[in-house]
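Let's take a friendly walk through the charged, aromatic and surface contacts of this chain. Here is the structure to keep at hand while reading.

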Amino acid sequence: MSLVRKFATVGGATLGSRIFGFARETFMAAALGTGPMADVFYAAFRFPNLFRRLFAEGAFNAAFVPLFSKEIEANGVEGAKRFSEEVFGVLFSALMIITIVMELMMPWLVEWIIAPGFADDPEKISITVRLAAVMFPYLMCMSLTAMMSGMLNSLHHFFAAAIAPVFLNVVMIGALFYGLWIHADPLTIAWYLSWSVLAAGILQLAVVYAGVRHAGINIGFRRPKMTPNVKRLLVLAVPAAVTGGITQINQIIGQAIASGKEGAIAALQYADRIYQLPLGVVGVAVGIVLLPELARALKGGHLKEAANTQNRSIEFVLFLTLPAAAGLWILSDAIIRVLYERGAFSAENTSIVAAILAIYGIGLPGFVLIKALQPGFYAREDTKTPMRFTMLSVVINSGLAISLFPLIAERGIATAEAAAGWTNTVLLFTTLVWRGHLTWEWALAKRTALLLVSTGIMSAALIYALRYAGPWLTPDALLIHQVAALGCLLVLAMVVYFACAFLIGGADIGMLRRNMQRKPKT
């Protein structure tokens, strides 16, 4: 399967997950709006979600995949199976201890880390603690899921791992639908959602386990033992855990600051869900596919193939995220109104969330480029350099968020996250070029400039078209008219952008066709 086809496979499954995520957030907006129960649930859910990104997705996609690929190259599937069983025994035991300790510390964690702004409201604190306690075991399920997903990706079985997140949204939508159907109060709906998160974690683990069995590996439990391979994994995973969770680290800092204003946490979450669509479809797909491809190419000595793979990934990212960023900036009000403005979600909420989304749009290409650049370090078993850059970006994010929140509230937190993301991107890119691990191509630089021109032309067309579509996008317009108008604007943007990109040379249809057919060396 070619590189672009693999991107499309993972991106397509991720797109399905994000679409269900939109449906989930629409139900959430109607049921809870940006009220206190929305703040409480998102604060409680953010904590296990943060740990999932830090200790599961980030660490294992960075550390486990190169080592697992190395075992496949050196010792075949049997060697990879033995290594995975060694890791499984240690991981399961460590997760059990972490879960028990965190459950016992939950009251302190909520009051001092998760939502310090709730300190003046004992009832909010109490509910957040109980909801977080229910959801925290989700971390254990998702960490084991991430390990098995890494195995599947290394074996070039991408679909099961990519489709698993869909089940979280499906189960949560079921809980929300049931709560709305019986006219449950917001607190009861929050409880339904918390238990649905735990149920979804178990279901996701079952899906990827079935995928691993189908791929020909049956994992057995081994007594935890610190073998040389496990020690090497830990050495790589600790810094990768920090690096892989950069967005979540910055968001948890932003959440702690935003908890001082009612509705701010929920507003940030609603905007985050929108920009996670292009970030997930493009960024996650590139990160998941690129790491095992680079690791295999480097282990096999195909340095030219590795360099070309990474450059094509950067080109793919820019081709899709530059217009997405401009579209989010220009259409932010229309997007939020169509998706969320109903029920408990007011026009004032739309204005606030749209402003946050526009700022997130500026940071989008940077956030996605991080996913395309980090594998250049991880495939070479260097997880410390990205960690250092991450720590610097966290400092920048914290300083800007604290400084800007008193001035521009939620928009200050979004601005801080975008600035931190772009700082990390620049540091990763320049370091790879300086080390010679990323080949500088003037052709790529030229195409990037032409893609920016195409994005500018698309933006001008959108701004002009908004004058005529405006009456169809007002709060008083029928929902079907709003959806139709927004859909027409999106289609116009796509037609103008792709036409300009291919006509002026920002994208080459012949090169795209070759990449669709080309199979990377193994």
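A residue counts as buried when its relative accessible area is under 20%, as exposed when that value is over 50%, and as partly exposed in between. Asp-382, at 17% relative accessibility, is therefore buried. Please keep in mind that this is a predicted model.

**Salt bridges**

| Pair | N to O distance |
|---|---|
| Lys-81 and Glu-85 | 2.7 Å |
| Glu-315 and Arg-447 | 2.5 Å |
| Arg-435 and Asp-382 | 2.8 Å |

Asp-382 has Arg-435 as its salt-bridge partner. This pair links distant parts of the chain, 53 residues apart: Arg-435 sits in helix α15 (residues 410-435), while Asp-382 sits in the loop between α13 (347-378) and α14 (384-408). Arg-435 is partly exposed at 33% relative accessibility.

The side chains of Glu-315 and Arg-447 also meet in a salt bridge. Because Glu-315 belongs to helix α11 (residues 303-330) and Arg-447 to helix α16 (residues 442-469), the pair ties together parts that are 132 residues apart in sequence. Glu-315 is buried, with a relative accessible area of 9%, and Arg-447 is buried at 16%.

Lys-81 and Glu-85, by contrast, both lie in helix α2, four residues apart, or about one turn of the helix. Here Lys-81 is partly exposed at 22% relative accessibility, whereas Glu-85 is buried at 6%.

**Aromatic pairs**

Searching the whole structure turns up 12 aromatic pairs. In one of them, Phe-88 and Phe-92 are stacked, with 6.2 Å centre to centre and 25° between the planes. Phe-88 is buried with a relative accessible area of 14%, and Phe-92 is partly exposed with 29%. Elsewhere, ring pairs link Phe-41, Tyr-42, Phe-45, Tyr-138 and Tyr-270 into a cluster.

**Surface patches**

Which residues form the negative surface patch? They are Asp-120, Asp-121, Glu-123 and Glu-262. Of these, Glu-123 is placed in helix α3 (residues 122-135) and is exposed at 56% relative accessibility.

There is also a nonpolar surface patch of about 930 Å², whose members include Met-96, Ile-97, Trp-108 and Trp-112. Ile-97 is found in helix α2 and is exposed, with a relative accessible area of 55%.

Notes:
Residues numbered from 1 in each chain as written. Predicted model: local features only at pLDDT ≥ 70, side-chain atom pairs only at ≥ 80, totals over all residues. Heavy atoms only, no water. Phe/Tyr/Trp six-rings, centres within 6.5 Å; stacked < 30°, edge-to-face > 60°. Buried < 20%, exposed > 50% of the residue type's maximum accessible area, 1.4 Å probe, protein only. Patch = residues over 30% accessible without salt bridge, like charges linked within 9 Å, V, L, I, M, F, W, Y side chains within 5 Å. Areas by Shrake-Rupley, 256 points an atom, 1.4 Å probe, with all protein chains shown as cover. Salt bridge = Lys/Arg side-chain N within 4 Å of Asp/Glu carboxyl O. Lys, Arg positive; Asp, Glu negative; His and termini not counted. Charge placed at Lys NZ, Arg CZ, Asp CG, Glu CD. Helix = DSSP H or I, 4+ residues; strand = E, 2+ residues; numbered from the N terminus.
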